[in-house]
Amino acid sequence: MEIKHNNLRAFAYINLTNLLYNLENIKRLHPHKTIIVMLKANAYGHGATKIAKALDGLCDYFGVASVEEGIELSQAGVHKTKIIIFSGFFCVDMVKALIEYRLIPIIHSAYQYELLHEYFTTTSAEIWLKVNTGMNRLGLTEEEFTSLYQKAQSYAKPVNALTHLAESESTDQTFTREQLRRFQALIKDKNLRHISAFNSAASLLQREDFGTNTIRIGLALYGACAAEQLHLNCRLKPVMSLHSHIIAIQRINKGASVGYNRQYIATEDTHIAIASIGYGDGYPQSTPSQTSVLINNQIYPTAGKISMDLTAIDVGLTHHVNIGDTITLFGGNALTVDEVAHRIGTSSYAMLTAINPRVTRFYIFDE
């Protein structure tokens, strides 16, 4: 589907057909599981309200980081799918917002429970108790979990439980399985409706459910795979592709440098094409020379340090690149965000969430 974007310096396509494909593929992999779709950090850079509206009613829960993110979805008209606040709350005003906007809290500290008196008087006082099994960031101790679980039985409708895995992407699953076994022992014989431990990577790699019945899907939904076993291919399709335009081309001689700090020195006479995108748009400043980009279905290497608004590309002495041509920084099967992130030395999470509002997003369906 061609969209008029010739007047834009930087833009991204968000392929909603691929988004829906990924969700259905994950559902097939985990039939009968409750699905939490993670929309935190602006839906990993894809646009939270747009993604939420595309998926509203197609999953059981949306997960966001903050009360503010939850309010944004509620005010945008997202009402078919319930919204969970993952980083919790820490004051009475936030509890009032939970009630007003029908948001569901995760309790990771005992003091939070004491703030919920008014919340427990509502008709849908659902809560999630988060237990720390080894992440050592947020989460109740096993003793706190047991105590609050017993207290909540009289008030919450229902009580759910979750934990957070520290290294589920790793090829060595020893610590992950230790966390899962610890969690499994804790939830055994308790009256919990939803029990969640698996994130995207664990959902793709683990086959035993360890007593859980709910999975949380973030990165995988957007067609990226954080797991070290990239050869699995994950049976996913990329949702975001990042683009810009060539706005200048100049010839330079062998030995000439390009960009700040002269980090690129031409080894032969060549042409340098300049794309109108840079770290001010979210393309990492740490991107090294020789990182691949795609122009007219051909791979070319970046040249030198990424500027705030510009990126230089070595297109060679004899080339078929013209001013106005579209450049792809990542996206599609030819240049996946996983591959580009690996080359840069960052993660797909960081690549996607860094793309900022200055980059216009087009939401498309395949024809």
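This is a predicted model: local features need pLDDT of at least 70, side-chain atom pairs count only at pLDDT 80 or more; totals for chains, interfaces and linings use all residues.
Local features are reported at pLDDT of at least 70, side-chain atom pairs count only at pLDDT 80 or more, and totals for chains, interfaces and linings use all residues. Residues are numbered from 1 along each chain as its sequence is written, and side-chain values use heavy atoms, with hydrogens and water left out.

Let us begin with helix H1, residues 16-29. Helices (H or I, at least four residues) and strands (E, at least two) are DSSP runs, numbered from the N terminus. The expected span of a helix is 1.5 Å times one less than its number of residues. For the 14 residues of H1 this should give 20 Å, and the end C-alpha atoms are 20 Å apart, so the two agree. At the start of the helix, a side-chain oxygen of Asn15 comes within 3.0 Å of the backbone nitrogen of Thr17. That is a polar contact, meaning a pair of N or O atoms within 3.5 Å; within protein, one must be able to donate a hydrogen and the other to accept it, and residues adjacent in sequence count only if both atoms are side-chain atoms.

Which residues of H1 are buried? They are Leu16, Asn18, Leu19, Asn22, Leu23, Asn25 and Ile26. Here buried means under 20% relative accessible area, exposed over 50%, and partly exposed in between, with a 1.4 Å probe and protein chains only. These residues pack against strand E1 (10-15), strand E2 (34-38), helix H3 (48-55), strand E9 (214-217) and strand E18 (360-364), where a contact means heavy atoms within 4.5 Å.

Now for Phe120, in the loop between helix H6 (110-113) and strand E6 (127-130). Is Phe120 buried or exposed? Its relative accessibility is 9%, so it counts as buried. Leaving aside neighbours within four places in sequence, Phe120 is in contact with Tyr113, Ala125, Ile127, Tyr155, Ala156 and Lys157. Tyr113, Tyr119, Phe120 and Tyr155 form one aromatic cluster. Rings of Phe, Tyr and Trp (its six-membered ring) pair if their centres lie within 6.5 Å, and planes under 30 degrees apart count as stacked, over 60 as edge-to-face and the rest as tilted.

Thr328 lies in strand E17 (residues 326-330) and counts as buried at 12%; its side chain meets that of His243 at 3.0 Å. Asn199 sits in the loop between strand E8 (195-198) and helix H9 (200-205), is buried at 16%, and is joined to Ser168 by a side-chain polar contact of 2.9 Å.

Finally, the backbone. Most residues other than glycine have a negative phi, and most peptide bonds are trans. The peptide bond from Lys157 to Pro158, however, is cis, with omega near 0°. Pro158 is found in the loop between H7 and E7. Asn261 has a positive phi of about 65° and counts as exposed at 55% relative accessibility. Gln290 has a positive phi of about 80°, and at 43% it counts as partly exposed.
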